Amino acid sequence: NSDRNLTVSENYAKEISSSKSKGVELDDVIRKYGMEGIVNGMDPTEWNPSVDKFIDVPYDKNTVVEGKAAAKQALQAEVGLPLDAEAPIFGYIGRLEEQKGVDIFMKAVPKLLKAVPNAQVVILGTGKKALEKELESLDEAEPMCAGVIKFSAPLAHFITAGADFLMVPSRFEPCGLNQLYAMRYGTVPIVHAVGGLRDTVQPYDPYNKTGTGWCFDSAESHLLRETRGYALG
């Protein structure tokens with residue numbers, strides 16, 4: 001009965017009309033009546049590193065190196081990680097649910113920390129009790145991983161500004177906002193190229209030096225590790 005049907009990205013509109021599994025058995029209805037995608041937007045006043053009320057040293061594209069260095073130190077101090085300016089920090093912000101792929105990321109963390117001795121990881125979120133317990137165990141087992149199980153707007157801003165990479169390993173994603181925030185703050189998003197993540201993150205081309213992040217085509221953890229390896233290289 002709608003005059004027009006919309007979702008939050010063009011690629012997601014194509015995905016949910018492609019099969020019963022992705023369209024949750026509404027794919028035939030979507031194909032019949034049509035579905036358009038308009039990429040989600042972000043609030044440029046709340047998510048703006050030059051005026052962010054949560055970070056001590058605001059920055060813009062001309063002062064991003066100094067600003068992110070200060071933000072990294074503040075993040076490390078906030079979550080109890082060693083103050084190390086050279087440590088690559090991998091952040092995750094979001095619900096602790098399988099849809100978000102956080103279980104994939106958590107399983108990959110020990111191997112990441114072993115492969116890159118000075119790497120650090122910060123995971124912020126709440127969700128399924130089993131995944132919260134898994135994050136608690138990971139936090140206890142890995143000194144270079146800080147797992148914070150709560151909702152915290154200030155810490156979300158700290159991670160977005162202070163991390164080097166923001167992980168978005170969603171199994172499916174209509175659009176997503178965290179990757180948009182990350183790019184605004186000079187933080188490299190590493191995403192599973194599905195839904196709006198494919199529409200909003202341009203894969204980095206090492207030959208032409210173009211792109212805005214790293215994309216992987218499978219939610220499997222070994223490909224996630226490989227992508228992170230490329231990013232560190």
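Guide: A salt bridge, as the term is used here, is a side-chain nitrogen of Lys or Arg within 4 Å of a carboxyl oxygen of Asp or Glu, and by this rule the count comes to 10 salt bridges. The model is a predicted one, in which local features need pLDDT of at least 70 and side-chain atom pairs count only at pLDDT 80 or more, while totals for chains, interfaces and linings use all residues. Residues are numbered from 1 along each chain as its sequence is written, and side-chain values use heavy atoms, with hydrogens and water left out.

The side chain of Asp164 meets that of Lys72 in a salt bridge, with 2.8 Å from N to O. This pair links distant parts of the chain, since Lys72 belongs to helix H4 and Asp164 to the loop between helix H7 (153-162) and E6, 92 residues apart. At 7% relative accessibility Lys72 counts as buried, whereas Asp164, at 24%, counts as partly exposed; the classes are buried under 20% relative accessible area, exposed over 50% and partly exposed in between, with a 1.4 Å probe and protein chains only.

If residues up to four places away in sequence are not counted, Asp164 touches Lys72, Ala87, Pro88, Ile89, Thr187 and Val188, a contact being heavy atoms within 4.5 Å.

Because Arg171 lies in the loop between E6 and H8 and Asp103 in helix H5, the pair ties together parts that are 68 residues apart in sequence. Arg171 is partly exposed, with a relative accessible area of 36%, while Asp103 counts as buried at 10%. The pair of Arg31 with Asp27, where the closest N and O atoms are 3.0 Å apart, is placed within helix H3, its members being 4 residues apart, about one turn of the helix. Here Arg31 counts as partly exposed at 48% relative accessibility, and Asp27 is buried, with a relative accessible area of 3%.

Turning to the rings, a search of the whole structure finds 5 aromatic pairs. Rings of Phe, Tyr and Trp (its six-membered ring) pair if their centres lie within 6.5 Å, and planes under 30 degrees apart count as stacked, over 60 as edge-to-face and the rest as tilted. Trp47 and Tyr185 form an edge-to-face pair, 6.1 Å from centre to centre with 75° between the planes. This pair, too, links distant parts of the chain: Trp47 is in the loop between strand E2 (36-37) and helix H4 (64-79), and Tyr185 in the loop between helix H8 (178-184) and strand E7 (188-192), 138 residues apart. Trp47 counts as buried at 8% relative accessibility, and Tyr185 is buried with a relative accessible area of 0%.

The rings of Tyr204 and Trp214 have centres 5.4 Å apart and planes at 55°, so that pair is tilted. Since Tyr204 lies in the loop between helix H9 (195-200) and E8, and Trp214 in strand E8, the pair ties together parts that are 10 residues apart in sequence. Tyr204 is partly exposed, with a relative accessible area of 28%, whereas Trp214 is buried at 16%. Ring pairs also link Trp47, Tyr59, Tyr181 and Tyr185 into a cluster.

A nonpolar core is a set of buried Ala, Val, Leu, Ile, Met, Phe, Trp, Tyr and Cys residues joined through side-chain atoms within 4.5 Å. The largest such core has 24 residues, of which Phe90, Phe105, Val121 and Ile123 touch the most other members. Two or more residues come to this core from each of strand E3 (89-93), helix H5 (102-115), strand E4 (120-124), helix H6 (129-141), strand E6 (165-168) and strand E8 (214-216), with H5 giving the largest share, 7 residues. A second, separate core of 23 residues includes Tyr59, Leu155, Ile159 and Ala182.
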